[in-house]
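Please keep the sequence and the model in view while reading.

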Amino acid sequence: MTTIDKTSSVPAPRGSDDFGGPLLEVRDLHVEFHTRDGVAKAVNGVNYTVSAGETLAVLGESGSGKSVTAQAIMGILDMPPGRIPKGEIFFRGEDMLKMSADERRKIRGRKIAMIFQDALSSLNPVLSVGYQLGEMFRVHQGLSKKEAKAKAIELMDKVKIPAAKARVDDYPHQFSGGMRQRIMIAMALALEPDLIIADEPTTALDVTVQAQVMDLLAELQREYNMGLILITHDLGVVADVADKIAVMYAGRIVETAPVHELYKRPAHPYTKGLLDSIPRLDQKGQELYAIKGLPPNLTRIPSGCAFNPRCPMAQDICRTDIPALFPVTERDGGELPGRGSACHFWKETIHG
Amino acid sequence: MGRYVIRRLLQMIPVFIGATFLIFVMVYALGDPVAALFGDKAPDPATAARIREDLGLDKPLWQQYLHYMGNIFRGDFGTAFNGQKVTELMASAFPVTMKLTFVAIVIEIIVGIALGVVSGLKRGRPLDTSLLVLTLIVISVPTFVSGYLLQLLFGLKLGWVRPTVSSDAPLNELILPGIVLALVSLAYVTRLTRTSIGENARADYVRTAVAKGLPRRRVITKHLLRNSLIPVVTFIGADIGALMGGAIVTERIFNIHGVGYQLYNGILRGNTPTVVGFVTILVLVFLVANLLVDLLYAVLDPRIRYA
């Protein structure tokens, strides 16, 4: 990496070379997949920004387009069948979708890294973890095999893998699930990227290990002042670590909010439904709430608001007009910074 | 690892005994070797009986087998009826066939895997489809057809190579026979590699490798290829044995005096020591090749190490 030495003795905060805007800005991103059954519109106009040191949680069911958005940012979508008909993804003010393949490749891993869900299948089974970690340094920084291995051991120590030195030549299958996920995290962290995208990093783990892994991730993020996009469908995971939340449904963001406000006062019926479907100790013995119906088929997204067939508040307008992401305000019109809801009836939802 | 090899070597013993005994019985069932020795003439019964006694052919089959195996372990593979020692025949035949097999395997590995990788990465594109059709054609044409055709084309019409191989069988003369011998296996290797590459290309760890910002070349060679070659290695290993014994047709077309040629003559003349001796060695080659494949398999895939 080429870092310009600043004359001041204070180390410049990472990710603030000369660009003042957000680290990552996704603008009106559309992604579709051309399949035999028609065109599946996986992402339909997503906007979000992430700044250095900030954690954005992207929440949504399977098929809501949260992972596809992440893959589009990483540039690892399978194209074809995938296609990005519209949209921009600015990284430090530069549109990555306009870059050459090689420019994008150099950003991957070095500036933006990704942590995948299932560490067992996401790590190469026939290469030792030391090799896979060291590869980052060998390819991006041209280190020798030996230096890369030393760096790999350092990384494994960093993510608190016991006896890193002894285990560096082990293979992924010889580690436990939690340790494997730590290796994935170490791999993403290797080159101290500006932004990490964690795609359901704890889904494959059991609950106690989940907490450990999330804590580790949050700790390292603070240490390096990285931007973090945390993709999840687990509301519990989000509450502790995220700064802001974007809730996705059928390829759109339906609500954005600072994390605690969302839990306190959801402004979209879908978010409300999600929160109501969390089991609670004080409602023991009662039937658990569930959002009726199923997520829409992405080749035939309902007209109007995509959530209308499942929404308890749906009116005629919801079946015809697609709601924009309205800014959410207090009852008296007082501003609520960072809040937005794509619901025609957001007022009734939050204040009603 | 060591224990595994020892266990595998021990497992070879019953396979070896079973295989050789079967061959022994089958060759015995072919007919009377003494009659075959005399060719078209009917042997004098007294002489025939004496020869039988000399050769131990009047004893029960299992005794003959034990006697024969005992000799083999002393390095004595017996004598062909023309007086030549079978070991001498082997010494002249096996190097030639091994050279031919070597040429064939090298062609099979280089061309087959290269075509398979290209095809697998371009799945569904015109190049892939034409390669698939081509391999299908190659697989369906018998070796004696493709052999004679290529010999006619390159050896006689174009004159690029000698149509037949001289007795010391130099490597450059073995290229065309090697291609002929490799063709069918090559088509299989191509298809196997293609399927394997196509499947693994969608694997999560390949996506990870891409997300790490590795150059495409490195993703393919270091991450994709090594995983995809595991089934191909298995096939090629088993093929070494098959090619050595299966070169009969190719060796006859190009007049190569190798194992296939000697076996063919041995069978034609009912020459038990030659046939059983050669096949015994082939069985050994096959077993060792398979063991090597299994060991290589463990090298390629650490998940089955120390199994």
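Two strands are said to pair if DSSP finds at least two bridges between them; strands (E, at least two residues) and helices (H or I, at least four residues) are themselves DSSP runs, numbered from the N terminus. The model is predicted: local features need pLDDT of at least 70, side-chain atom pairs count only at pLDDT 80 or more, and totals for chains, interfaces and linings use all residues. Residues are numbered from 1 along each chain as its sequence is written, while chains are lettered from A and ligands numbered from 1 in the order in which they are written.

Chain A contains 13 helices and 12 strands. Four of its elements form an open antiparallel sheet, with 4 strands in the order β2-β1-β4-β5. At the edges stand β2 (38-50) and β5 (94-95) of chain A; each has a single partner strand, so one side of each is left without a neighbour in the sheet.

Within this sheet, β1 (residues 24-35) and β4 (residues 82-91) of chain A are joined in the antiparallel sense by 7 bridges. A:F33 faces A:G82 of β4(A), and A:E25 stands opposite A:F90 in β4(A). Helix α1 (residues 66-74) of chain A packs on the sheet, where it touches β1, β2 and β4 of chain A, and its direction makes about 110° with that of β1(A). Contact here means that the C-beta atoms of two residues, placed from the backbone, lie within 7 Å; the axes are lines fitted to C-alpha atoms, for helices over the stretch in contact, and angles run from 0 to 180 degrees between N-to-C directions.

The antiparallel strands β4(A) and β5(A) are linked by 2 bridges, and A:F91 has A:E94 of β5(A) as its bridge partner. These two strands form a hairpin with 2 residues between them, and in the turn A:R92 has a positive phi of about 50°.

Chain A as a whole can be considered next. Its C-alpha atoms fill a box of roughly 65 × 50 × 50 Å along the principal axes. A compact globule of 352 residues would have a radius of gyration near 20 Å, and the 21 Å of chain A agrees with this; the radius is taken over C-alpha atoms, and the globule rule is 2.2 Å times the number of residues to the power 0.38. Of the 352 residues, 45% count as buried, a term for residues with 20 or more other C-beta atoms within 10 Å of their own, the C-beta atoms being placed from the backbone.

In chain B, B:P177 lies in helix α8 (residues 175-200). Is this residue buried or exposed? B:P177 is buried, because 28 other C-beta atoms lie within 10 Å. Beyond its neighbours within four places in sequence, B:P177 is in contact with B:L100, B:V165, B:T250, B:F254 and B:I256. One of these, B:T250, is 73 residues from B:P177 in sequence, yet the two are 6.5 Å apart in space, C-alpha to C-alpha.

Finally, the two chains meet: 23 residues of chain A are in contact with 19 residues of chain B. On the side of chain A that touches chain B, α2 (101-107), α3 (119-122) and α4 (129-141) of chain A each supply at least two residues. The element that gives the most to this side is α4(A), with 4 residues.

How values were computed: A residue is buried if 20 or more other C-beta atoms lie within 10 Å of its own, exposed if 12 or fewer, and partly exposed in between; C-beta atoms are placed from the backbone.
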